[in-house]
Amino acid sequence: MRLSIVLLLICGIVLWGSVPVGKAVESPAQAGSFQTRVLTYLDEPDAEKAERLLQTLLAEPDATTESVSRIIQGGRPYGPQPVGTMPDEQVVVRDRTYHYALAVPLTYQPARGYGLVVCLHGAGFTGDAYLDRWQGRLSDEYILVCPTYPAGAWFTRRAEDLVLSVIQTVRARYHVDPDRIFLTGMSNGGIGTWLIGMHDAPMFAGLAPMASGLDSVLMPFLANLRNTPVYIIHGAKDQVMPVDLSRSISRELASLGYEHVYREHQQEHPMAGGHFFSREEVPDLVAWFDKQRRNPLPTTLTLVREARHFQPFGWVRIDATDPIAAFSDDLTDKRDEKIRGREYARLDAAIVTPNRIDVKTERVRRYSLFLNDQLVDTSRSLLVRTNGAVSFEGMVVPSIETLLRQARLRRDPRQLFSVQLTISSETGQP
């Protein structure tokens with residue numbers, strides 16, 4: 001299959017499509033407490049029940065942005081869970097059952113957070129096969145999860161849904177450090193690492209695509225990796241995915257000024273030739289994992305979107321655009337004029353002083369900023385300039401409802417936002 005065909009799909013997001021196998025355990029003393037009700041709201045899979053829970057929380061006398069933030073940031077209590085190798089776990093995504101392999105250190109302690117490495121297999125492999133390859137390469141500081149997707153077609157919308165659902169499922173069962181989640185993959189899995197990593201970059205501490213590449217129509221989405229380090233590995237003698245694919249990506253990242261490591265090895269495998277993950281590269285990659293920590297609230301963000309990816313991206317979200325390119329849900333060689341012309345929406349946002357935000361947009365009609373006391377001083381007037389013009393000036397008021405809704409959507413205790421400010425790029429008014 002030609003890479004130009006394989007790479008055309010930009011995946012969608014379904015954060016609530018999974019059915020967790022297990023969940024964090026509450027102590028009897030917490031039953032019925034405000035803390036328990038907050039955590040129950042965040043985990044409730046039924047939207048109607050969650051809405052009823054939200055309304056009761058908003059009526060609570062103890063409900064303040066400070067108290068709710070402390071509860072979420074404090075984390076949930078995690079009870080005992082199985083450890084060791086679990087080669088055939090299951091998750092349901094959009095009414096379809098998928099399998100994933102999981103390895104949890106025998107020394108796992110629920111009270112402390114662990115790094116999470118998510119590994120995507122190549123065509124002809126399964127998650128449990130990749131579990132065997134990776135398990136001995138990581139220390140006891142990491143939980144390893146390897147989902148299985150048919151034919152390794154990680155460049156589909158369902159595949160992205162699966163990856164995100166598996167991450168949420170594992171995080172519901174085990175104590176994962178949200179600032180140490182890594183995505184890696186080989187061959188088709190490397191392509192999936194690029195696609196999912198570019199569109200969900202704020203989730204990951206780093207990406208490690210191997211023996212893969214990107215179609216030219218997807219290169220603009222590399223701009224989303226401003227705050228997400230990348231470690232690229234490719235064999236110089238790769239005859240399946242030519243090494244020039246990774247070389248061109250490395251050149252583009254360098255031109256953007258983005259942090260990345262590019263490793264090119266000369267090794268060949270008796271069966272796979274140059275298209276494989278060389279053992280000699282493992283120690284340096286794992287050492288790189290060890291050093292990386294996500295910055296959950298960077299002061300500068302760059303966001304490039306096509307029409308199927310309008311979910312929040314850190315503290316910004318594109319809400320409406322001019323007509324832009326839209327990719328299919330499955331593998332097609334769709335090449336309409338907007339795709340060929342790489343007509344995407346772009347937003348660059350920077351907190352240039354404590355209470356001034358400068359935003360530049362292309363093909364964006366409306367966008368939202370999500371803010372908190374770590375990004376701005378909500379006791380002072382805020383100034384937002386869009387494309388050089390003042391688009392907002394005044395006070396913003398933190399909202400418990402915004403905090404809870406965004407926390408439920410994102411499921412990230414390090415990205416809590418109590419302010420949502422939506423601005424029209426056309427009129428310059430909120």
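At what angle do helix α2 (residues 34-43) and helix α11 (residues 400-410) pack? We will start there and then walk through the rest of this predicted model.

## Two helices that meet

Helix α2 and helix α11 pack at an angle of about 50°, and their axes lie 8 Å apart. The two helices are therefore oblique to each other. On the α2 side, V38, Y41, L42 and D43 make the contact, while α11 contributes L404, R405, A407 and R408. Sorted by class, this contact of α2 with α11 has 5 nonpolar residues, 3 charged residues and no polar ones.

## The chain as a whole

Stepping back, the protein chain contains 11 helices and 16 strands. It has 430 residues, and 56% of them count as buried. Its accessible surface comes to about 17,600 Å², with 49% of that belonging to carbon and sulfur atoms. Contacts also reach along the sequence: among those between residues at least 6 apart, 69% join residues at least 24 apart.

## The sheet of 8 strands

Next comes an open sheet of 8 strands, with mixed pairing and the order β1-β2-β4-β3-β5-β6-β7-β8. At its edges stand β1 (84-93) and β8 (260-265), each of which pairs on one side only. From one strand to the next, the twist averages 20°.

Two helices pack on this sheet. Helix α8 (residues 244-256) touches β7 (230-235) and β8, and its direction makes about 155° with that of β8. Helix α9 (residues 282-291) touches β3, β4, β5, β6 (206-210), β7 and β8, and the direction of α9 makes about 170° with that of β7.

Is strand β4 (residues 142-147) enclosed by the rest of the structure or open to the outside? Here 6 of the 6 residues are buried, so β4 is largely enclosed by the rest of the structure. Both faces of β4 are covered: Y142, L144 and C146 are buried on one side, and I143, V145 and P147 are buried on the other.

The neighbours of β4 can be followed pair by pair. Strand β2 (residues 96-104) pairs with β4 in the antiparallel sense, and L102 stands opposite V145 in β4. Strand β3 (residues 114-120) runs parallel to β4, with V117 opposite L144 in β4. The pairing of β3 with strand β5 (residues 176-186) is parallel too, and there V117 stands opposite F182 in β5.

Another open sheet is formed by 3 strands in the order β10-β13-β16, with antiparallel pairing. Strands β10 (316-321) and β16 (419-424) stand at the edges with a single partner strand each, so one side of each is left without a neighbour in the sheet. The twist in this sheet averages 20° from one strand to the next. Within the pairing of β10 with strand β13 (residues 364-371), V316 stands opposite L369 in β13.

Here are strand pairs from both sheets, side by side.

| Strand pair | Sense | Bridges |
|---|---|---|
| β2 and β4 | antiparallel | 4 bridges |
| β3 and β4 | parallel | 4 bridges |
| β3 and β5 | parallel | 6 bridges |
| β10 and β13 | antiparallel | 5 bridges |

## Two loop residues to look at

In the loop between β2 and β3 you will find L106. Is L106 buried or exposed? With a relative accessible area of 71%, L106 is exposed, since over 50% counts as exposed. Leaving out residues up to four places away in sequence, L106 touches V83 and G84. L106 and V83 are 23 residues apart along the chain, and their C-alpha atoms are separated by 5.5 Å.

The loop between β7 and α8 holds K237. K237 has a relative accessible area of 39% and is partly exposed. Beyond its neighbours within four places in sequence, K237 is in contact with Q266, E268 and G274. The C-alpha atoms of K237 and Q267 are separated by 7.7 Å, although these residues are 30 apart along the chain.

Note on methods
Residues are numbered from 1 along each chain as its sequence is written. This is a predicted model: local features need pLDDT of at least 70, side-chain atom pairs count only at pLDDT 80 or more; totals for chains, interfaces and linings use all residues. Side-chain values use heavy atoms; hydrogens and water are left out. Axes are lines fitted to C-alpha atoms, for helices over the stretch in contact, and angles run from 0 to 180 degrees between N-to-C directions. Angles under 35 degrees count as roughly parallel, over 145 as roughly antiparallel, 65 to 115 as roughly perpendicular and the rest as oblique. Contact means heavy atoms within 4.5 Å. Ala, Val, Leu, Ile, Met, Phe, Trp, Tyr, Cys and Pro count as nonpolar, Asp, Glu, Lys and Arg as charged, and the others, Gly among them, as polar. Two strands pair if DSSP finds at least two bridges between them. Buried means under 20% relative accessible area, exposed over 50%, partly exposed in between (1.4 Å probe, protein chains only). Accessible areas come from the Shrake-Rupley method with a 1.4 Å probe; for residues, only the protein chains shown count as cover.
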